[in-house]
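The sequence and the model are shown first.

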Amino acid sequence: MPNIVYVGASLDGYIADRNGGLEWLGMVPNPDNSDYGFAEFMDSIDALLMGRKTLETVLEFGCEWPYSKSVFVLSGTMTEVPDAVKDKVEIVNDTLENVVSALNTKGFERLYVDGGQLVQGCLNADLIDELIITRIPILLGGGTPLFGALPSHLEFDHIETTVLLGEMVKSHYKRKR
C-alpha cells in the first residue's frame with residue numbers, strides 16, 4: 001500500500017522559498033500548459049494526506065478546489081475544517097503510523113503525501129514508498145527543505161527520469177524494502 005510523495009523542489013532541495021512562496025515553481029515557460037503528468041498521477045492515487053500548512057497554502061491560491069479525491073489533513077492544532085472545504089477535507093490527528101493504517105483500512109491504499117513537515121515525518125517513520133521529485137533549475141538558498149535528518153539510511157531504486165520542457169528533471173524512485 002504505497003505512500004507517494006509527488007513534489008517540485010529547487011536544485012538545493014527546497015519546496016518553498018524563505019517566505020513560503022511557490023511562485024518559482026512556474027519559472028520555466030510552459031506554452032502548452034502541461035501538467036507534467038500530474039493528472040495521470042492523481043488518477044493513480046486513492047486519497048491525499050497533507051499537512052495543515054499545505055492546506056492553508058492551497059486555500060490561499062484562491063482558485064477552485066483542485067482535488068477530486070478525498071483529502072485528509074494531519075493536524076494537532078486545527079480543530080475545524082475551513083468553511084470553503086467543509087465537504088472536501090477531513091482532519092485527522094494521531095501518530096503517522098496510526099493515521100496511515102486507519103486510511104488503509106478504509107480502503108485508501110495509494111496515498112499522496114504532501115507537505116514539508118509531513119513528508120519529513122513520514123520519511124522518519126519509514127512510511128514513504130515512492131518519491132516523484134521534479135527539480136526546478138533554481139537555487140533558493142533557504143526555505144522549506146524537502147528532506148531533513150533521518151534516524152537511518154533509506155534506500156530507493158531509480159525507476160525513471162524525464163526531462164520536462166528541456167529544463168526540469170522529474171525523477172521517480174521506489175523504496176527498497
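A pocket is an open set of grid points, where a 1.4 Å probe is tested over the protein atoms alone, with protein on both sides within 12 Å along at least five of seven lines. The model examined here is a predicted one.

## The largest pocket

The largest pocket holds about 1,400 Å³ of space. Its lining consists of 41 residues, and those nearest the centre are Ile15, Leu22, Leu25, Thr54 and Asp114. Two or more lining residues come from each of β1, β2 (14-16), α2 (52-60), β6, α4 (116-124), β7 (130-136) and β8 (144-145).

Among these elements, α2 makes the greatest contribution to the lining of the largest pocket, namely seven residues. Sorted by class, the lining of the largest pocket comprises 20 nonpolar, 15 polar and six charged residues.

## The second largest pocket

For the second largest pocket the volume is about 230 Å³. It is lined by 13 residues, with Phe41, Ile132, Glu160, Lys170 and His172 closest to its centre. The elements supplying two or more residues to this lining are β1, α1 (38-44), β7, β9 (156-164) and β10 (168-175).

The most is given by α1, which provides three residues to the lining of the second largest pocket. This lining is made up of four nonpolar, four polar and five charged residues.

## The enclosed cavity

The structure has one cavity of 30 Å³ or more, and the largest cavity contains about 30 Å³ of space.

Val5, Tyr6, Val7, Ile15, Val113, Asp114, Gly115, Val119 and Leu146 line the largest cavity. Two or more of the lining residues are supplied by each of β1 (3-10) and β6 (111-114), and β1 gives the most, with three. In terms of class, seven residues of this lining are nonpolar, one is polar and one is charged. Ile15 and Asp114 belong to the lining of the largest cavity, and both are also listed among the residues nearest the centre of the largest pocket.

Asp129 is located in the loop that runs between α4 and β7. Is Asp129 buried or exposed? Its relative accessible area is 18%, and Asp129 is therefore buried, the cut-off being under 20%.

Two polar partners of the Asp129 side chain may be noted. One of its polar atoms lies 2.8 Å from the backbone nitrogen of Asn3, and a polar contact of 2.9 Å links the side chain of Asp129 with that of Arg177. Leaving aside residues up to four places away in sequence, Asp129 touches Met1, Pro2, Asn3, Phe156, Tyr173, Lys174, Arg175 and Arg177.

## Helix α4 and the cysteines

The buried residues of α4 are Gly116, Leu118, Val119, Cys122 and Leu123. An α-helix has 3.6 residues a turn, so residues three or four places apart point the same way. After α4 comes Asp126, which has a positive phi near 55 degrees.

Which class of accessibility applies to Cys122? Its relative accessibility is 1%, so Cys122 counts as buried. Cys63, by contrast, has a relative accessibility of 49% and therefore counts as partly exposed. Across the whole structure, the search for disulfides finds zero.

How values were computed
Residues are numbered from 1 along each chain as its sequence is written. This is a predicted model: local features need pLDDT of at least 70, side-chain atom pairs count only at pLDDT 80 or more; totals for chains, interfaces and linings use all residues. Side-chain values use heavy atoms; hydrogens and water are left out. On a 1 Å grid over the protein atoms alone, a cavity is a set of points where a 1.4 Å probe fits but cannot get out, and a pocket is an open set with protein on both sides within 12 Å along at least five of seven lines; lining residues have an atom within 4 Å of a point. Grid points are joined across faces, edges and corners, and a volume is the space filled by probe spheres set on the points. Helices (H or I, at least four residues) and strands (E, at least two) are DSSP runs, numbered from the N terminus. Ala, Val, Leu, Ile, Met, Phe, Trp, Tyr, Cys and Pro count as nonpolar, Asp, Glu, Lys and Arg as charged, and the others, Gly among them, as polar. Buried means under 20% relative accessible area, exposed over 50%, partly exposed in between (1.4 Å probe, protein chains only). A polar contact is a pair of N or O atoms within 3.5 Å; within protein, one must be able to donate a hydrogen and the other to accept it, and residues adjacent in sequence count only if both atoms are side-chain atoms. Contact means heavy atoms within 4.5 Å. A disulfide is a pair of cysteine sulfur atoms within 2.5 Å.
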